[in-house]
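Let's walk through this structure together, one topic at a time. Keep the picture beside you as you read.

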Amino acid sequence: MNRRLIARLDVKMEHLIKGIHLEGWRKVGDPKGRAKLYYEQGADELLYMDVVASLYGRNNLSGIVREVASEVFIPITVGGGIRSLEAVREMLSAGADKVAINTAATQDPDILRAISDTYGSQATVLSIEAKKLAAGGWEAMTDNGRNHSGRNAIEWAAEGQRLGAGELLVTSIDQDGTGRGMDVALISAVAREVDIPVIASGGVGSTRHVVDVLKNPDVSAIAIARDLHLDKYTLADFRTACHDAGIMTRRVKGEQGA
Amino acid sequence: MINADPRKEAIDMSLYGPNATPSQAKYGLPQHVQFCRKCVISNQRPNSAVEYKHTAQSKKTVIAFDEEGVCDACRNAERKQASIDWDRRRAELVALCDKYRSRNGSYDCLVPGSGGKDSFYQAWVLKYEFGMNPLTCTWAPHIYTDWGWRNFNRWIHAGFDNYLLTPNGRIKRLMTRLAVENLFHPFQPFIIGQKGFAPAFAAKMGIPLIFYGENEAEYGNPIADNQSARRDFEYFSMASDEETYLGGVSVADLQSRYGVRKADLSAYMPSDPRLLEEKGIEVHYLGYYLKWHPQAAYYFAVENGGFEASPERTPGTYSKYNSIDDRIDDLHYYTTYVKFGIGRASYDAAQEIRSGDIERDEGVALVKRYDGEFPERFAEELLEYLSLPSEIFPEASAQFEDPIMDRDYFDALANRFRSPHLWSYDNGEWRLRRTVFQEN
């Protein structure tokens with residue numbers, strides 16, 4: 001089974017942004033132009049996150065998604081501020097294939113079931129922003145890592161699967177934006193707990209970090225942001241590293257192993 | 001007994017009726033509340049005070065607004081972007097460093113800091129970019145947060161020697177209680193130490209050059225203050241002990257009524273200006289020489305020292321990277337909300353708008369959502385810190401009708417500090433008469 005390399009684009013209004021520990025966002029570019037670039041580089045999917053949607057009680061992404069979806073022919077997931085079936089419908093009709101939901105689901109888990117029942121589990125992604133606890137384990141945070149949900153991240157992942165999520169996006173707040181590697185223990189713990197695909201996010205700073213996480217056959221995909229936005233690596237670099245480590249990814253014409 | 005229980009005090013509620021014509025503005029604040037057209041700060045924001053002179057009767061000077069309704073801090077930020085010749089300023093810094101640079105292996109400058117993102121940046125650039133040999137010093141927070149303590153250690157282990165002064169906990173508790181009781185200002189003992197310790201210590205160590213980070217003018221002190229690289233001595237020196245007040249109480253009263261020994265106050269006492277002159281002490285702001293950006297300092301501290309943000313947003317705001325090392329900070333900004341109608345989200349948003357990190361409408365939404373939130377996170381611990389049990393504080397506690405501070409006491413005390421021109425009381429609820437989000 002090919003493992004997926006996903007380009008993650010955090011967005012604030014019309015800007016592509018990036019933070020550290022989901023904090024201190026910097027404007028780093030244009031979310032539409034970058035999407036096309038990553039598509040051309042052979043990204044398997046795109047993940048758009050409106051990082052301030054919950055903060056301001058809005059979601060600003062449908063315009064960007066509508067425009068990008070007409071030119072980019074890979075699955076697009078949209079997250080941030082999804083609070084209702086109406087918001088899901090708007091995103092899907094704008095061209096998204098899946099929606100990712102965090103804050104609203106922790107407050108009202110039934111919304112996850114409702115989305116899954118209405119639009120299918122394949123369109124329902126539970127997003128978990130996990131913060132390491134001093135006592136061990138991880139807590140699922142809400143509002144882009146700002147508020148406590150009081151939920152154990154691993155248990156919440158399992159509950160999300162029961163509620164109908166078809167996929168999990170797991171972001172390590174501690175590693176996000178640092179480029180110091182991913183929280184492999186967190187991702188593995190979640191992957192052990194559920195049968196649905198798990199997307200690992202937060203901390204990639206080198207091609208080795210991608211291999212470190214994908215060595216675990218239960219991890220389906222990885223979301224990469226910082227290194228792509230800063231042009232430190234291209235998606236081809238990550239695919240080559242995976243290939244060299246014996247990890248299957250989609251073959252892209254003209255690349256080593258294709 | 002000097003300090004009456006605020007719960008037993010009758011407040012003239014007619015002043016706070018929703019339709020009352022506000023008769024008086026406390027603390028000398030402007031009667032008409034105005035919000036900056038560029039950021040979200042109001043004209044009620046006080047300038048830095050000389051804390052040694054701060055008493056319950058003190059009048060504030062406040063941030064200036066120009067004829068276009070824009071605050072001085074925003075104008076200052078514009079100049080920072082547009083008209084300041086940063087290359088020239090950098091050259092001035094090099095010249096200053098060259099003048100003081102040690103050639104015999106001794107420390108050549110003092111960098112006071114907490115270990116937050118700004119002090120990390122400050123000490124680092126001076127040592128590794130400008131080749132100085134800084135000694136760092138720290139006036140300990142009231143109560144370290146776990147992450148604040150870890151960040152402090154990361155700072156020191158990034159290559160600096162540090163003198164950490166942890167003042168006598170009992171005296172600090174008493175000072176804090178008095179500052180809250182008299183001035184509703186829990187952060188005052190920290191500010192006194194943070195401003196005063198370094199010059200006194202520099203004189204003792206024979207290190208004349210001191211670098212602080214940003215000038216207060218970045219946040220609203222008169223723009224003219226930012227024309228100079230140097231901090232005025234009046235913030236940390238006094239010619240005579242008799243005129244010195246701590247927590248709004250004179251030094252003489254602290255000794256005669258609250259059971260404080262003179263030696264217990266030495267860490268808080270201002271330096272003698274003659275001594276500072278004699279030792280050639282110069283206090284400079286690094287922010288005068290280098291274009292300061294708080295968010296960039298956060299990135300710098302993460303990348304170079306593994307700095308961590310707090311695990312959750314600070315109560316009263318949205319931010320996780322700013323001023324996170326003292327638990328009492330949470331309460332501090334709650335008191336500024338009560339006294340001036342300006343909570344922590346207002347301060348944070350105003351600064352990030354000026355730096356170009358967020359837009360004004362975002363700032364307005366953040367103020368609406370978070371300003372004035374009561375800091376439940378450490379409340380229990382902080383209220384205990386503010387209490388003066390008689391077995392620990394036999395003399396001081398006798399000066400209070402109720403020396404134990406609980407939430408009920410604190411809320412009643414807060415009401416004593418609400419100015420009728422800012423606050424109305426209606427249907428059992430305190431409300432600001434005017435806010436930045438209603439105005440828009």
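## Where the two chains meet

In this model, 26 residues of chain A are in contact with 26 residues of chain B, where contact means heavy atoms within 4.5 Å. The model is a predicted one: local features need pLDDT of at least 70, side-chain atom pairs count only at pLDDT 80 or more, and totals for chains, interfaces and linings use all residues. Residues are numbered from 1 along each chain as its sequence is written, chains are lettered from A and ligands numbered from 1 in the order in which they are written, and side-chain values use heavy atoms, with hydrogens and water left out.

About 2,200 Å² is buried between chain A and chain B, and carbon and sulfur atoms give 45% of that area. Buried area here is the accessible area (1.4 Å probe) that two parts lose on being put together, summed over both. On the side of chain A, Glu23(A), Tyr56(A) and Arg146(A) lose the most area to chain B, together 25% of what that side buries.

## What holds the interface

The rule finds three salt bridges across the interface of chain A and chain B. A salt bridge is a side-chain nitrogen of Lys or Arg within 4 Å of a carboxyl oxygen of Asp or Glu. Arg369(B) and Asp143(A) meet in a salt bridge through their side chains, 3.1 Å from N to O.

Which elements of chain A supply at least two residues each to the side that touches chain B? They are β2 (15–20), β3, α2 (53–56) and β9 (147–152). The largest share, five residues, comes from β3(A). Helices (H or I, at least four residues) and strands (E, at least two) are DSSP runs, numbered from the N terminus. By residue type, the side of chain A that touches chain B divides into eight nonpolar, eight polar and 10 charged. In this grouping, Ala, Val, Leu, Ile, Met, Phe, Trp, Tyr, Cys and Pro count as nonpolar, Asp, Glu, Lys and Arg as charged, and the others, Gly among them, as polar.

## A closer look at Glu23(A)

Glu23(A) lies in strand β3 (residues 23–29) of chain A. Is Glu23(A) buried or exposed? Glu23(A) counts as buried because its relative accessibility is 3%; buried means under 20% relative accessible area, exposed over 50%, and partly exposed in between (1.4 Å probe, protein chains only).

The side chain of Glu23(A) reaches the backbone nitrogen of Lys320(B) at 2.4 Å. Leaving aside neighbours within four places in sequence, the contacts of Glu23(A) include Arg146(A), Tyr298(B) and Tyr321(B).

## The nonpolar cores

In soluble globular proteins, nonpolar side chains tend to be buried together. A nonpolar core is a set of buried Ala, Val, Leu, Ile, Met, Phe, Trp, Tyr and Cys residues joined through side-chain atoms within 4.5 Å. The largest such core has 144 residues, and Ile41(B), Phe211(B) and Leu246(B) have the most contacts inside it. Helix α6 (residues 188–205) of chain B gives the largest share of this core, eight residues. A second, separate core of 69 residues includes Ile64(A), Ala140(A), Ala241(A) and Ile247(A).

## Salt bridges within the chains

Over all chains, the count comes to 49 salt bridges. One of them joins Lys32(A) to Glu67(A), with the closest N and O atoms 3.3 Å apart. Lys32(A) lies in helix α1 (residues 31–40) of chain A and Glu67(A) in helix α3 (residues 62–69) of chain A, so this pair ties together parts that are 35 residues apart in sequence. Lys32(A) is partly exposed, with a relative accessible area of 27%, and Glu67(A) is also partly exposed, at 39%.

In chain B, Asp402(B) forms a salt bridge with Arg7(B), the closest N and O atoms being 2.8 Å apart. This pair links distant parts of the chain, 395 residues apart. Asp5(B), Arg7(B), Asp402(B), Asp406(B) and Asp408(B) are linked in a network of salt bridges.

Notes:
A polar contact is a pair of N or O atoms within 3.5 Å; within protein, one must be able to donate a hydrogen and the other to accept it, and residues adjacent in sequence count only if both atoms are side-chain atoms.
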